[in-house]
Amino acid sequence: MRIFNASPLILILEEINESDLLEKLFSLDQSLLVPERVNKEISSKIARTNLENLIKVGHLKICKNCNDDTFNFLRKRFPMLDDGELTVISLAYENKDDSCFVIIDEERGRNVANKLNLNVRGAFGLLLELYDKNIIDRE
């Protein structure tokens, strides 16, 4: 399971403009999730269109937000996080296991996820993983 925050999605879907990277990632892990709160943060036309196409073909799924109790508990401990970051981390915290990854680029969110012993990757980490498994090349 990989739970995406907005920044890595926007980077992949708009800046790199390679939605097929997520399709390739789907071949490794068929549980690519975007929480409802994070989905609402994706507002640019290019990223939104690419996101909706990936949802339509089943490569990404919009999931419910985390449990309110978990969200509020972690909000008290980590008030510096925005709602999207906190939701992603809370969902991973609720589903803690070795196969669950938080996909987040912001340093403060990565630091909190690490403090909670969650698996963390960013957009660059996803690219490295695909490259290491010979799914993409350097271009």
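The legends below describe several close-up views of one predicted model. Local features are given only where pLDDT is at least 70 and side-chain atom pairs only at pLDDT 80 or more, while totals for chains, interfaces and linings use all residues. Residues are numbered from 1 along each chain as its sequence is written, and side-chain values use heavy atoms, with hydrogens and water left out.

**View 1**
Strands (E, at least two residues) and helices (H or I, at least four) are DSSP runs numbered from the N terminus, and two strands pair if DSSP finds at least two bridges between them. S2 (residues 32–35) runs parallel to S1 (residues 2–4), with two bridges between them, and also parallel to S3 (residues 61–63), to which three bridges join it. Leu33 of S2 stands opposite Ile3, and its bridge partner in S3 is Lys61. In a regular strand the side chains alternate between the two faces of the sheet. In S2, Leu32 and Val34 lie on one side, Leu33 and Pro35 lie on the other, and all four are buried; buried means under 20% relative accessible area, exposed over 50%, and partly exposed in between (1.4 Å probe, protein chains only).

Ala47, Arg48, Asn50, Leu51 and Leu54 are the buried residues of H4, and they pack against H1 (6–15), H2 (20–26), S2 and H3 (36–41), contact meaning heavy atoms within 4.5 Å. After H4 comes Gly58, with a positive phi near 90 degrees.

**View 1. Asn5 occupies the loop between S1 and H1.**
Asn5 counts as buried because its relative accessibility is 3%. Its side chain makes a polar contact with the side chain of Glu106 at 3.0 Å; such a contact is a pair of N or O atoms within 3.5 Å, where, within protein, one must be able to donate a hydrogen and the other to accept it, and residues adjacent in sequence count only if both atoms are side-chain atoms. Beyond its neighbours within four places in sequence, the residues in contact with Asn5 include Val38, Gly84, Val88 and Ile104.

**View 2. Ile89 belongs to the largest nonpolar core.**
A nonpolar core is a set of buried Ala, Val, Leu, Ile, Met, Phe, Trp, Tyr and Cys residues joined through side-chain atoms within 4.5 Å. The largest one has 44 residues, and those with the most contacts inside it are Phe4, Leu9, Leu22, Leu60 and Ile89. Helix H6 (residues 83–94) gives the most to this core, with five residues. Apart from neighbours within four places in sequence, Ile89 is in contact with residues including Leu74, Val102, Val112 and Leu118.

**View 3. A salt bridge joins Glu129 and Arg2.**
The structure holds six salt bridges, each a side-chain nitrogen of Lys or Arg within 4 Å of a carboxyl oxygen of Asp or Glu. The side chains of Glu129 and Arg2 meet at 2.8 Å, N to O. This pair links distant parts of the chain, with Glu129 in helix H8 and Arg2 in strand S1, 127 residues apart. Both Glu129 and Arg2 are buried.
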